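Here's a quick briefing for anyone opening this structure for the first time. Have a look at the view below, then read on for a tour of where its parts touch.

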Amino acid sequence: MEHFDADILILGAGGAGLRAAIAAAESAPDLTIALVSKVYPMRSHTVAAEGGSAGVVRDDDSLEAHFHDTVAGGDWLCEQDVVDYFVAHCTPEMVQLEHWGCPWSRKPDGHINVRAFGGMKIERTWFAADRSGFHILHTLFQTSTKFPSITRFDEYFCVDLLADDGRAQGAVVLSMSTGEFTAIHARAVVIATGGAGRVFRQNTNGGIVTGDGMALAYRHGVPLRDMEFVQYHPTCMPGTGILFTEACRGEGALLLNKDNYRYLQDYGLGPAEPEPRNKFMELGPRDRLSQAFWHEQQKGRTVTTPQGEAVWLDMRHLGEAKIKERLPLIRDLAMQFMGIDPAIAPVPVRPAVHYTMGGILVDIDTASPMPGLFAAGECSSVGIHGANRLGSNSLAELSVFGRVAGEQAATFARGTDASRRSTRADEAADKALALLHQKGEGERHATMRAEMAASMEKGCGIYRLGPEMEQTRDTMADLKLRHAAITLDDKSRAWNTDWVSAIELGFQLDVAEAMAHAALARTESRGAHQRIDGYEQRDDVNFLRHSLAHYQEGAGPAISFAPVKITRSPPGQRAYGAQGEQLEAAQKDAAHV
Amino acid sequence: MSDVMERSKTIELRVLRYRPVSDAEPVFETFQVPYSDDMSVLQALQSIKDSQDGTLSFRWSCRMAVCGSCGMMINGDPKLACETFLRDLAPNPVVIEPLRNFPIERDLVVTVGDFVKKIESIYPYIMPKAPRSVEEGAWLQTPAQMAAYESFADCINCMLCYAACPQFGANPHFIGPGAMALLQRYNSDSRYRTAHTAGPGVGRGRGVVVHGGRRLFRCVSETGRSGQRGQSEQDQQRGRLLLAPAAPEGRAMSERRPYLRAQDPYWWARKPYLGYTLRELTGVAVALYGAILLAGLICLCRGKDSFDAYRRILSGDVSLLVHLLLLVAVVWHVVTWFQTMPKTMPKLIVGGRQVPQQRMTVIGVALAALCSAALLAAVVMVGRWS
Amino acid sequence: MKAAVHQMPPKRSLAPIFWLLFGAGGMISALFGPALIVLTGIMLPRGRGLPERFGDYDHVLAFAHNPIGKLLIFAVIALFFWHGAERLFLTLKDMRAGNLLVLRLATYGVAGLVTLLTLTLLLEIGF
């Protein structure tokens, strides 16, 4: 097996991974950085993010407001000190991206333009048309080519971490093109491998979003935090799950049921007004909107399409010019995939899984409990999203904490001796090869993947029931056993995606199992985890806590709980629309008294 | 499931396979795939992989035409599989091959590394006019300034343009349209300092003729120089396995054996390139007309008798026919000239917006009509006065 | 893997000069070509729309004696040839019609000869 020595190893070259690499290269130009990605960096799923990235710029806005929107949006499950750090660093990071060339959309005078986004009191979402993630990713990738200290391993798939003596030592990676292994030895490791949305059937995610890094850290003893919180984005294409950005609603799009009624007003988000109003109606938070859809479906008020039930996303009143200028990608998607011109007809949409709030437990410095192991981006749980993420906080997170991870990894690497070469590399390779040559019962992993996804959708959907979650939990356990008995069609080494997909399925099953166990353990409703089996209320007494899933070989995870860091925003009522306004006014009055 | 369309019809997919372990060269394999009207080619390939043959390898990720992974030849045209729909191709069999002009690694997976190196070779990052700290805030950039480079920044690096480009096909060292688009993106960004130089493989960046990144274009600048290495040397590498470099001692060779398909020597006569070839030949018509004038000049020099003979020929029917044919060719030259011209220029920004290429074509052709009309009118009027 | 970054400064090329000739010829033929063909190929030889004498030896010679006339004749013939030469060269190269040096001589070479010939003839005609 080949060996490569680096000071810092970064797994994943999406927004967070690239930002970490650049930060490490800038803060420590003498250190060598290995940047590993199973796809070429510009294919990372950051590329598909559409809406924008948050950063306070307006005079009538404040870090305090961003803080409160985020904490309330997270239903008070956020680490408030981390949120403070986050909101303070969003804008400088967005400016840094701009300096690196990111084509943020502008006002006529050339200043940065910001748009409204769900759950945000004041407009603070920087955007690059409706391809913000695309532009951020390409800016970061192209900028990263400036640094000779970054060595990229493009299309290398990580099969395992090297963590001898409970310390991050590197990883074993598989070259897609040759099928040969390389052991990368490093003094610090950053995991930036993204979320795990593909464990669900309908999702906005690309095929690569399979929770690889989460599973690897988890298997090596790092807890996964808050895994029960999975975001359903309310406006996705029926069938494919392809995302229609929240920015549509930021520009004024309406959600209508089959009676052309703006149904969100029935769910505490009203009253309905003709102009979009922040935190009202269509600009409410994602979990509430997805939940409203579920209720409408129960009431039989959704529209039936060949791809299932949906509601109308109506952008006709925005006019063709505005749609072409602000939402060109959305327009292309609607026209090419569905044959619908959003300027002429409403677009059918429905919720689909979009984001994994939970992930690898890390602190404010992106350090996990394992020395030398850091994590940033969607794969991590740094504490800013809590029980529900606000739109445009995730792209901002990539830069803010990507940078922290890179700098912290560099500092850690400097303070550590050159790693003794791990001796476990061959083990990891052998394990992967064992799967390749496995003579199982002949079951195909494709069927198992479909079963996993269907079960997760049923048991860990928008609304959850104990028996269904138990069923899903058991299904995951069963699938894990069956995974040990699959047979691959493809036994070759060069570009064997059958093999890589099977390894990914293993990762996904571990992550899905953690999600199901954590969901069962949380007997309350909060944010994106909503139960309709007697636990409909939020229970701050017992559950103002994070869940932690601890890997157990041969069994489901052990679930423990950890306190939430509350600094200055005690859990309050999470209200939007008119109710939210009243609440705010009452709080202001109370403050003046 | 009630929310998945029933796959009640069947379509035939002919996929070019290549497995370096077992295949000496690529070979077509046929699959029958049940499908529904909302399915894309990508979904059809996934269906094959999931339920018929797990050994079929292809790249994909986002499914929404933004990551650039799933480029391949579909019925001979470079397309993204995720946004090419079976309903538009059915009921005929669909022929799927890996992207043209690239070595094949395996099945529909081509070698991408060289393309990424080309991207990197143009120094694709902002080198600002003046230093600016983050504390000083963002640069100002008006919508008009952004319009100058915006569409070049939209390139998803899918390499369909490389598959479409016969010049790249003839010479893999040509840096190619994608890299040039990126070069233009940085050159035209107002935050960027003066003109960007790049490596010797580029030649002068004279403006990139890339329209939507997926159609045939003709790069006006340096493609002629792509013969740097000589045609014969490149020919030797065609249609043969590109052997992976010999393994260092003590290590076994990997399975990897990329295969480069020969460029079709008659590509210029096939769709969609035939139109381009005919367009280029209108230039020859222009020169032929020049030759007719030259003949007249020679006869003029020789004297009255010679020139009168020339005039007699010109007044005959053959000459009339020739001139009519040349007229048709030159009119076609006028139209295609103004179709191509906007593609080779930096974007024209008027009133904060990019002037659409089609409008520039219409204006150009109208201008040409005006000029020719004016010339005719002027000569006729001079004729009337005298 | 690590990207190789080109460090050499770009070499200056002659191609822009040929491109300018191609471009000028293309633009002039685009703007005036149709009118010229109609004039010299259809109207003048048949005396349609123009007095027939305009095309006779004396008038054309007078035109060619005139310095502006010379310039126009030179520009049209030479630039039209350079335009055609570049396009023909590249098309023949696409067709792999032969050795590049041979193709260049057959196209640019001919255009060059034509340019010299036209210049010579116009000077021979005198003022």
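Two residues count as being in contact if their C-beta atoms, placed from the backbone, lie within 7 Å. Keep in mind that what you're looking at is a predicted model. With that rule in hand, we can go through chain A, then chain B, then chain C.

**Chain A: domains 2 and 3**

- Where they touch, five residues of domain 2 of chain A are in contact with five residues of domain 3 of chain A.
- On the domain 2 side of that contact, helix H7 (residues 286–298) of chain A gives the largest share, four residues.
- Sorted by class, that domain 2 side has two nonpolar, two polar and one charged residues.

**Chain B: domains 1 and 2**

- Chain B also comes in pieces: domain 1 (9–109), domain 2 (112–128 + 142–225 + 256–263) and domain 3 (273–385).
- Domain 1 of chain B puts 18 residues into its contact with domain 2 of chain B, which puts in 16 residues.
- On the domain 1 side, the elements giving two or more residues are strand E3 (71–74), strand E4 (77–80) and strand E6 (104–106) of chain B.
- E4(B) gives the most to that side, with three residues.
- By class, the domain 1 side has 11 nonpolar, three polar and four charged residues.

**Chain C against chain B**

- Here 59 residues of chain C are in contact with 59 residues of chain B.
- Helix H1 (15–46), helix H2 (57–65), helix H3 (67–94) and helix H4 (100–125) of chain C are the elements that give two or more residues to the chain C side.
- H1(C) brings the largest share of that side, 20 residues.
- The class tally for the chain C side is 38 nonpolar, 14 polar and seven charged residues.

**Inside chain C: H2 and H3**

- How do these two helices cross? The axes of H2(C) and H3(C) come within 5 Å and cross at roughly 90 degrees.
- Because angles of 65 to 115 degrees count as roughly perpendicular, H2(C) is roughly perpendicular to H3(C).
- Phe63(C), Ala64(C) and His65(C) of H2(C) make the contact with Gly69(C), Lys70(C) and Ile73(C) of H3(C).
- By class, this helix contact has three nonpolar, two polar and one charged residues.

Technical notes. Residues numbered from 1 in each chain as written. Chains lettered and ligands numbered in written order. Predicted model: local features only at pLDDT ≥ 70, side-chain atom pairs only at ≥ 80, totals over all residues. Nonpolar A, V, L, I, M, F, W, Y, C, P; charged D, E, K, R; others polar. Axes fitted to C-alpha atoms, helices over the stretch in contact; angles between N-to-C directions. Parallel < 35°, antiparallel > 145°, perpendicular 65-115°, else oblique. Domains from an automatic or database assignment.
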